[in-house]
Amino acid sequence: MTGYGEASGPTAAGTLRVELRTVNHRYLNLNTRLPSSLARWENEIKDWLRPAFSRGHVNCTARWEPASEAAGERRYRLDEDRVANYLRLFEVLASKFGVSGSPDLALLTRFNDVIVRAEEEEASHEVQGEELREILVEAAKQVTQMRIDEGQRLETDLRERVGAIEQSLSAIEALAPTRLENERIRLSEAVQELLEGAPVDQTRVAQEIAFLAERWDVNEELVRFRSHNELLLDLLDSDSEEPVGKRLSFLVQEMHREANTIGSKANDAGISHLVVAIKDELERLREQVENVE
């Protein structure tokens with residue numbers, strides 16, 4: 001599920017800003033982008049974030065924030081070591097290959113790494129773990145709240161789709177018995193035509209209809225499908241803090257299985273059209289469930 005959160009706070013090493021971004025993923029994947037002064041905290045940062053997320057791509061970016069930026073001003077500095085290195089390379093180039101001329105300001109400024117943000121300067125003091133953890137937790141809280149808001153909208157959509165599927169299942173249940181009566185009439189007329197007006201053996205016709213009734217029976221599929229619908233709604237109603245995304249994905253797979261079986265037994269244009277509508281809703285359910293943690 002997508003989400004964004006940011007937090008900043010003072011530390012012994014300066015003001016630190018943390019940004020968290022999350023996008024959908026079946027599993028939990030934590031990525032960090034840290035200044036070198038925080039590199040040793042990478043494993044701890046991931047451990048602090050795991051309780052807040054059970055699945056999804058989570059990108060954590062931390063940077064030192066200069067005091068001047070708080071007032072709306074961004075400072076830049078010259079990377080003198082890099083400039084000196086470029087100049088030495090130009091001297092080697094001129095000497096080794098006999099190239100004339102000398103580098104000027106226009107040439108040097110073509111390199112976009114000679115002037116850098118002042119925030120890239122590393123902290124001069126050691127940051128404390130608790131200070132870092134508090135900032136991370138605050139950013140994670142913001143992400144969680146954003147994901148909760150999105151989850152509420154997602155829940156409404158899931159319920160509406162399950163409701164649409166239930167309507168189609170009811171329509172299939174109403175249409176199913178008429179298939180046998182229509183088939184009995186068709187079969188009787190076909191046999192009578194072949195016998196050229198001779199009496200039709202209704203017992204034999206009844207046996208054929210009974211055989212078809214067993215082959216075309218979709219009652220078990222309808223019962224299982226509705227059971228899956230009820231369980232999905234129960235999971236949405238649950239107050240448990242346990243992740244339900246994977247269970248919802250499994251239920252949608254089982255719904256697809258039942259829909260395919262009903263379609264194979266349909267032998268009726270109306271039921272086939274309803275199965276197509278159900279599969280369309282299931283595909284949208286599947287896409288949405290991928291967003292559920």
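A salt bridge is taken here as a side-chain nitrogen of Lys or Arg within 4 Å of a carboxyl oxygen of Asp or Glu. By this criterion, E6 forms a salt bridge with R17, with the closest N and O atoms 3.1 Å apart. E6 lies in strand β1 and R17 in strand β2, so the pair ties together parts that are 11 residues apart in sequence.

The structure is a predicted model, in which local features need pLDDT of at least 70 and side-chain atom pairs count only at pLDDT 80 or more, while totals for chains, interfaces and linings use all residues. Residues are numbered from 1 along each chain as its sequence is written, and side-chain values use heavy atoms, with hydrogens and water left out.

**Overall composition**

The secondary structure of the protein chain comes to nine helices and six strands. Helices (H or I, at least four residues) and strands (E, at least two) are DSSP runs, numbered from the N terminus. Of the 293 residues in the protein chain, 35% are buried; buried means under 20% relative accessible area, exposed over 50%, and partly exposed in between (1.4 Å probe, protein chains only). The accessible surface of the chain is about 17,700 Å², and 49% of this belongs to carbon and sulfur atoms. Accessible areas come from the Shrake-Rupley method with a 1.4 Å probe, and for residues only the protein chains shown count as cover.

**The four-stranded sheet**

Four strands form an open sheet of mixed pairing, in the order β1-β2-β4-β3. Strands β1 (3-11) and β3 (28-33) stand at the edges, each with a single partner strand, so one side of each is left without a neighbour in the sheet. From one strand to the next, the twist averages 15°. Strand pairing requires that DSSP find at least two bridges between the strands. Strands β2 (residues 14-23) and β4 (residues 56-64) run antiparallel and are joined by eight bridges. R17, the salt-bridge partner of E6, has R63 as its bridge partner in β4.

**Salt bridges**

| Pair | N to O distance | Relative accessible areas |
|---|---|---|
| E6 and R17 | 3.1 Å | E6 29%, R17 17% |
| R159 and E155 | 2.9 Å | R159 29%, E155 25% |
| E166 and R226 | 3.6 Å | E166 24%, R226 19% |

R159 and E155 are four residues apart in helix α5 (residues 129-194), a separation of about one helical turn. R159 is partly exposed, and E155 is likewise partly exposed. E166 lies in helix α5 and R226 in helix α7 (residues 219-237), so this pair ties together parts that are 60 residues apart in sequence. Here E166 is partly exposed and R226 is buried. Salt bridges that share partners also join E220, E221, R224, E258 and K265 into one network.

**A nonpolar surface patch**

Y76, L78 and I115 form a nonpolar patch on the surface, with about 320 Å² of accessible area together. Patches consist of residues with over 30% relative accessible area and no salt bridge, like charges being joined within 9 Å and nonpolar side chains (Val, Leu, Ile, Met, Phe, Trp, Tyr) within 5 Å. I115 belongs to strand β6 (residues 115-117) and is partly exposed, with a relative accessible area of 48%.

Note on methods:
Axes are lines fitted to C-alpha atoms, for helices over the stretch in contact, and angles run from 0 to 180 degrees between N-to-C directions.
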